[in-house]
Amino acid sequence: MTKTVEQISVSTLNRVLQPEGWARPIGYSNGMEARGRTIFVGGQIGWNAQCKFEAKDLPGQVRQTLENILAILREGGAGPEHVTTMTWYVLDRKQYSAALKEIGAAYKATMGRHFPAMAVVQVSGLIEDEALVEIQATAVVPD
């Protein structure tokens with residue numbers, strides 16, 4: 001039987017590091033502890049496997065970017081539950097904040113309810129002119 005992300009106990013994969021007394025973050029973790037085989041996913045953007053942008057909006061590109069990350073993880077025998085950290089690069093933090101509900105829906109549709117350590121950084125530009133977001137990820141598959 002294949003388990004979904006929601007059915008897999010995070011404690012059996014990676015441990016969330018939540019200092020006592022700290023407010024619990026929403027949509028990410030402050031830190032993760034993991035042991036095992038490491039997969040590094042280079043910066044992915046919101047184009048499809050043929051390097052074509054189908055989505056022109058930020059939530060659509062986020063979804064495609066996360067799907068690209070998952071495709072790479074599958075090649076390494078991993079899934080979203082193995083991701084320990086992600087760094088998001090966005091062109092416009094105000095656009096990102098305004099679309100949080102839609103971005104959250106795209107995230108949950110692809111990554112489930114697994115929230116690794118994350119950072120979001122506004123950048124002045126990305127290499128591909130049509131790209132609105134780039135995401136880099138690290139995953140650890142337990143021994």
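## Salt bridges and fold of a predicted model

Mentor: At 43% relative accessibility, Glu 130 counts as partly exposed, and please keep in mind as we go that this is a predicted model.

Trainee: OK, and which side chain does Glu 130 meet in a salt bridge?

Mentor: The partner of Glu 130 is Lys 56, and the distance from N to O in this salt bridge is 2.8 Å. The two residues are 74 apart and the pair links distant parts of the chain, with Lys 56 in the loop between strand E3 (37–45) and helix H2 (58–75) and Glu 130 in the loop between strand E5 (117–122) and strand E6 (133–141).

Trainee: Is Lys 56 buried or exposed?

Mentor: Lys 56 is exposed, its relative accessible area being 56%, whereas Glu 130, as I said, counts as partly exposed.

Trainee: How many salt bridges does a search of the whole structure find?

Mentor: The search gives three salt bridges. One of them joins Glu 33 to Arg 15, where the closest N and O atoms are 3.2 Å apart. Because Glu 33 belongs to strand E2 (residues 32–33) and Arg 15 to strand E1 (residues 15–16), this pair ties together parts that lie 18 residues apart in sequence.

Trainee: How accessible are those two, Glu 33 and Arg 15?

Mentor: Glu 33 has a relative accessible area of 37%, which makes it partly exposed, and Arg 15 also counts as partly exposed, with a relative accessibility of 46%.

Trainee: And what does Glu 67 pair with?

Mentor: Glu 67 forms its salt bridge with Arg 63, and here the closest N and O atoms are 3.3 Å apart. Both residues sit in helix H2, and because they are four residues apart there, about one helical turn separates them. Glu 67 counts as partly exposed at 32% relative accessibility, and Arg 63 is likewise partly exposed, with a relative accessible area of 36%.

Trainee: Staying with charges, how many positive and negative side chains are there?

Mentor: The protein carries 14 positive and 15 negative side chains, and the centres of these two sets lie 6 Å apart.

Trainee: Switching to the fold, what order do the elements run in from the N terminus?

Mentor: There are four helices and six strands, and from the N terminus on they follow the order α-β-β-β-α-β-α-α-β-β. The radius of gyration is 15 Å, close to the 15 Å that the globule rule gives for 143 residues, so the protein is as compact as a globular protein of that length.

Trainee: What does the C-alpha trace span along its principal axes?

Mentor: The C-alpha trace spans about 40 × 35 × 25 Å along those axes. As for the surface, the accessible area of the protein comes to about 8,400 Å², and 51% of this belongs to carbon and sulfur atoms, while 41% of the 143 residues count as buried.

Trainee: And what share of the contacts with a separation of 6 or more comes from residues 24 or more positions apart?

Mentor: Within that set of contacts, residues 24 or more positions apart account for 78%.

Trainee: Can we look at Ala 78 next; is it buried or exposed?

Mentor: Ala 78 counts as buried, with a relative accessibility of 8%, and its place in the chain is the loop between H2 and strand E4 (83–90). If we leave aside its neighbours within four places in sequence, Ala 78 is in contact with Ile 39, Leu 73 and Val 141.

Trainee: How far apart in space are Thr 38 and Cys 51?

Mentor: From C-alpha to C-alpha, Thr 38 and Cys 51 are 26 Å apart, and in sequence they are 13 residues apart. Cys 51 is found in the loop between E3 and H2, where it counts as partly exposed at 44% relative accessibility.

Trainee: What is the phi of Cys 51?

Mentor: Cys 51 has a positive phi of about 60 degrees, although it is not a glycine. Most residues other than glycine have a negative phi.

Terms used. Residues numbered from 1 in each chain as written. Predicted model: local features only at pLDDT ≥ 70, side-chain atom pairs only at ≥ 80, totals over all residues. Heavy atoms only, no water. Salt bridge = Lys/Arg side-chain N within 4 Å of Asp/Glu carboxyl O. Buried < 20%, exposed > 50% of the residue type's maximum accessible area, 1.4 Å probe, protein only. Rg over C-alpha atoms; globule rule 2.2 N^0.38 Å. Contact = heavy atoms within 4.5 Å. Areas by Shrake-Rupley, 256 points an atom, 1.4 Å probe, with all protein chains shown as cover. Lys, Arg positive; Asp, Glu negative; His and termini not counted. Charge placed at Lys NZ, Arg CZ, Asp CG, Glu CD.
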